[in-house]
Amino acid sequence: MSFYCSSYPIVEKKALAGGIYSFTLKCPEVANAASVGQFVQIKAEGYTLRRPISICSIDKENGTIRLVFEVRGKGTDKISELNRGDLMDIIAPLGNGFTVPAKKDGRVIVVGGGIGTPPLLDIANMYGENCTAILGFRSFDKVILDKDYALSGAKVIVCTDDGSTGVGGTIAQPLADELAKGGVAAVYACGPTPMLKAVVAAAKDAGVYSEVSLEQRMGCGVGACVVCACTVVRDGKEQVLRVCKDGPVFSGEEVVL
């Protein structure tokens, strides 16, 4: 695994929703090496452990990557105080991303739950109108990136638990409806574990390949500390792997959720 550890300038910062921020970094070597589904480890000033954040999108031509995250503690709150022109200290790109075929046969479905929505955006950018994006949130005020997905050309279905916008309820019914139409080559998902379980089960019932990106607490981010262990079943045997190095993306049928 090849990665870089350096500080890069922030060229854009946006507030997307309450406590959710988008940062774009100018880092040509990282952008050139990165692939969809990988992540970065960000240093928060005054804190020892870095914070893992998924890469939302990669622009190899302009040498930038975009990071979208939610403030969930003192570390991410400190990172959110950075502004355009400041330097962000990152280790990147890390982990193994999604298996996205170069040949775009059939259509794909991406399913994002809350802050699990960002790392799937570039799949929509790749597939355009051949992608359906099902995005689940708690409420209207937590909805992010729906317009970005729409700009990719993808069909966008927004779901909210409280029914304040889009489809009321979880992603389960819209996903079942889209799978029932047939012609789906793969389903890609990132979000809370209960949602991932539902996605994997639905894809399996439909005979469709699936991949999931796990959200996990991490320490080092490079496989040394084994804080982020997960269990998979391969060749009929259980194995304990590291989300940061062996993942964060795994085949839906092999990972034990």
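This is a predicted model: local features need pLDDT of at least 70, side-chain atom pairs count only at pLDDT 80 or more; totals for chains, interfaces and linings use all residues.
Asp235 is placed in the loop between strand S13 (229-234) and strand S14 (237-242), and its phi is near 55 degrees, a positive value in a residue other than glycine.

Leu145 also has a positive phi, about 65 degrees, although it is not a glycine.

## Cis peptide bonds

A cis peptide bond links Ala92 to Pro93, with omega at about -10 degrees, and Pro93 belongs to strand S6. Another cis peptide bond links Gly247 to Pro248, where omega is about 5 degrees; Pro248 is located in the loop between helix H7 (243-246) and strand S15 (249-251).

## The six-stranded barrel

Six strands form a closed barrel in the order S1-S2-S5-S4-S3-S6, and their pairing is antiparallel. From one strand to the next, the twist averages 45 degrees. Within this arrangement, strand S2 (residues 20-26) pairs with S5 in the antiparallel sense over seven bridges, and Ile20 has Glu70 as its bridge partner in S5. The antiparallel pairing of S4 with S5 runs over four bridges, with Thr64 in S5 as the bridge partner of Asp59. Strand S3 (residues 39-42) and S6 are likewise antiparallel, over three bridges, and there Phe39 has Leu94 of S6 as its bridge partner.

How many residues of S5 are buried? Seven of the seven are, so S5 is largely enclosed by the rest of the structure.

## An exposed glycine in a loop

Gly85 lies in the loop between helix H2 (74-80) and strand S6 (87-94), and its relative accessibility of 56% places it among the exposed residues. Although Gly85 and Leu25 are 60 residues apart along the chain, their C-alpha atoms are separated by 9.7 Å.

## The largest pocket

The largest pocket has a volume of about 750 Å³. Its lining consists of 25 residues, and those nearest the centre of the pocket are Pro52, Ile53, Arg72, Gln216 and Arg217. Strand S4 (51-59), strand S5 (64-70) and H2 are the elements that each give two or more residues to this lining, and the largest share, four residues, comes from S4. By class, the lining of the largest pocket comprises 13 nonpolar, six polar and six charged residues.

## The second largest pocket

The second largest pocket holds about 390 Å³ of space. It is lined by 21 residues, of which Gly113, Gly114, Gly136, Phe137 and Pro192 lie nearest its centre. Strand S8 (131-137) and helix H6 (193-205) each contribute at least two residues to the lining, with the largest share, three residues, supplied by H6. Sorted by class, the lining of the second largest pocket has eleven nonpolar, five polar and five charged residues.

## Cysteines without a disulfide

How many disulfides does a search of the whole structure find? The search finds zero disulfides. For Cys56, the closest cysteine sulfur is that of Cys190, and the two sulfurs are 11 Å apart, which is too far for a bond; the cut-off for a disulfide is a sulfur separation within 2.5 Å. Cys159 is likewise in no disulfide, and the nearest cysteine sulfur, that of Cys131, is 14 Å away.

Are Cys56 and Cys159 buried or exposed? Cys56 has 1% relative accessibility and therefore counts as buried, and Cys159, at 1% relative accessibility, also counts as buried.

Note on methods. Residues are numbered from 1 along each chain as its sequence is written. Side-chain values use heavy atoms; hydrogens and water are left out. Buried means under 20% relative accessible area, exposed over 50%, partly exposed in between (1.4 Å probe, protein chains only). On a 1 Å grid over the protein atoms alone, a cavity is a set of points where a 1.4 Å probe fits but cannot get out, and a pocket is an open set with protein on both sides within 12 Å along at least five of seven lines; lining residues have an atom within 4 Å of a point. Grid points are joined across faces, edges and corners, and a volume is the space filled by probe spheres set on the points. Ala, Val, Leu, Ile, Met, Phe, Trp, Tyr, Cys and Pro count as nonpolar, Asp, Glu, Lys and Arg as charged, and the others, Gly among them, as polar. Two strands pair if DSSP finds at least two bridges between them. Axes are lines fitted to C-alpha atoms, for helices over the stretch in contact, and angles run from 0 to 180 degrees between N-to-C directions.
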